[in-house]
Amino acid sequence: MVQIEIDSGSGFCFGVTTAIKKAEEDLAAGKTLYCLGDIVHNGMECERLHKMGLVTINHEELKNLHDVKVLLRAHGEPPETYELARKNNIEIIDATCPVVLQLQKRIKQQYELALSDWPYTNNPLGSAASIVEEQPTVNSQIVIFGKKGHAEVLGLVGQTDGNAIVIESYEEATKLDFTRDIYLYSQTTKSLDEFHRIIDYIQSHIAPTATFRSFDTICRSVANRMPNITQFASRHDLILFVCGKKSSNGRVLFNECLRVNPNTHLIEGPNEIDAQWLKGIKTVGICGATSTPKWLMEQCQKAILKL
């Protein structure tokens with residue numbers, strides 16, 4: 001009989017767990033609760049909460065809401081979201097992950113420092129009266145290693161009035177302007193190894209007259225999953241990686257599983273399991289992303305036993 005192991009290190013991270021708990025507590029009171037964006041990048045978990053009464057909205061729909069309660073998910077939001085909520089008398093349930101909140105604050109502080117320095121750095125006369133209209137960050141670049149358009153990244157870029165530069169890969173890092181100061185941050189769920197590659201490249205190419213500083217803002221509870229999942233994937237004949245297609249963290253972890261074990265399949269739920277995959281298999285490992293609920297991995301285990 002096939003042996004099945006569910007990875008004990010997979011499943012919701014602290015930030016997602018907290019956001020879902022807050023939603024469940026509020027929904028238990030029987031009141032209408034809106035969530036700005038999918039509370040988690042997992043369709044089946046979103047559907048479960050939808051059945052409990054959670055209403056998912058986008059930013060355009062938020063503009064038309066007044067006198068309601070809205071939950072902000074773990075990914076975080078830019079300052080303009082809070083300002084809109086204040087104007088529309090919207091009660092915010094802020095479930096932003098503490099790690100993301102701290103990162104937002106650091107980027108905002110760096111941006112404000114750039115704003116306070118730029119007039120005197122860029123103006124050869126050193127006089128505020130003769131300043132011309134320029135980009136306030138012209139002499140420094142706040143760079144974020146992350147996925148363009150990702151909810152967390154949008155919240156981070158929002159701390160800089162949209163002036164931060166987002167790079168998705170090592171290759172994009174090579175196209176930065178190395179004659180200007182660079183302050184490098186990372187989306188909390190990105191690859192630690194690639195982040196260090198980017199740091200090494202910038203350090204070796206930054207101009208002598210420019211400043212480069214990097215800030216390791218990758219969440220360790222997420223980063224530590226990489227070596228754990230590597231070991232997990234290596235000890236099974238078949239790996240089923242369970243996660244939503246929108247999960248950025250899931251894509252990184254899935255690719256690592258695939259690298260270690262070519263017999264790895266990405267599925268969103270038990271209905272995607274192919275019986276042909278199980279032929280000649282003695283051990284199956286089931287794992288997932290920080291957005292994958294434990295109950296979904298358990299459903300996959302039950303589906304395999306039925307097959």
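**Charged pairs and ring pairs in a predicted model**

Let me begin with arginine 259 and glutamate 256, which both lie in helix H11 (residues 248-260), three residues apart, about one turn of the helix; helices here are DSSP runs of H or I with at least four residues, strands are runs of E with at least two, and both are numbered from the N terminus. This is a predicted model, in which local features need pLDDT of at least 70 and side-chain atom pairs count only at pLDDT 80 or more, while totals for chains, interfaces and linings use all residues. Residues are numbered from 1 along each chain as its sequence is written, and side-chain values use heavy atoms, with hydrogens and water left out.

Arginine 259 and glutamate 256 form a salt bridge, with the closest N and O atoms 2.8 Å apart; the term means a side-chain nitrogen of Lys or Arg within 4 Å of a carboxyl oxygen of Asp or Glu. Arginine 259 is exposed at 59% relative accessible area, whereas glutamate 256, at 13%, counts as buried, where buried means under 20%, exposed over 50%, and partly exposed in between, using a 1.4 Å probe and protein chains only.

How many salt bridges does the rule give? The count comes to twelve. One of them joins the side chains of glutamate 83 and arginine 86, at 2.6 Å from N to O, and these two residues both lie in helix H4 (residues 79-87), three residues apart. Glutamate 83 is partly exposed at 33%, and arginine 86 is exposed at 57%.

The salt bridge between glutamate 172 and lysine 148, at 3.2 Å from N to O, links distant parts of the chain, since glutamate 172 is in helix H7 (residues 170-173) and lysine 148 is in the loop between strand S6 (140-145) and helix H6 (151-157), 24 residues apart. Both partners are partly exposed, glutamate 172 at 24% and lysine 148 at 45%.

Turning to the rings, the structure holds five aromatic pairs. The rings of phenylalanine 178 and tyrosine 201 have their centres 5.9 Å apart and their planes at 55°, so this pair is tilted; rings of Phe, Tyr and Trp (its six-membered ring) pair if their centres lie within 6.5 Å, and planes under 30 degrees apart count as stacked, over 60 as edge-to-face and the rest as tilted. Both phenylalanine 178 and tyrosine 201 are buried, and ring pairs link Tyr170, Phe178 and Tyr201 into a cluster.
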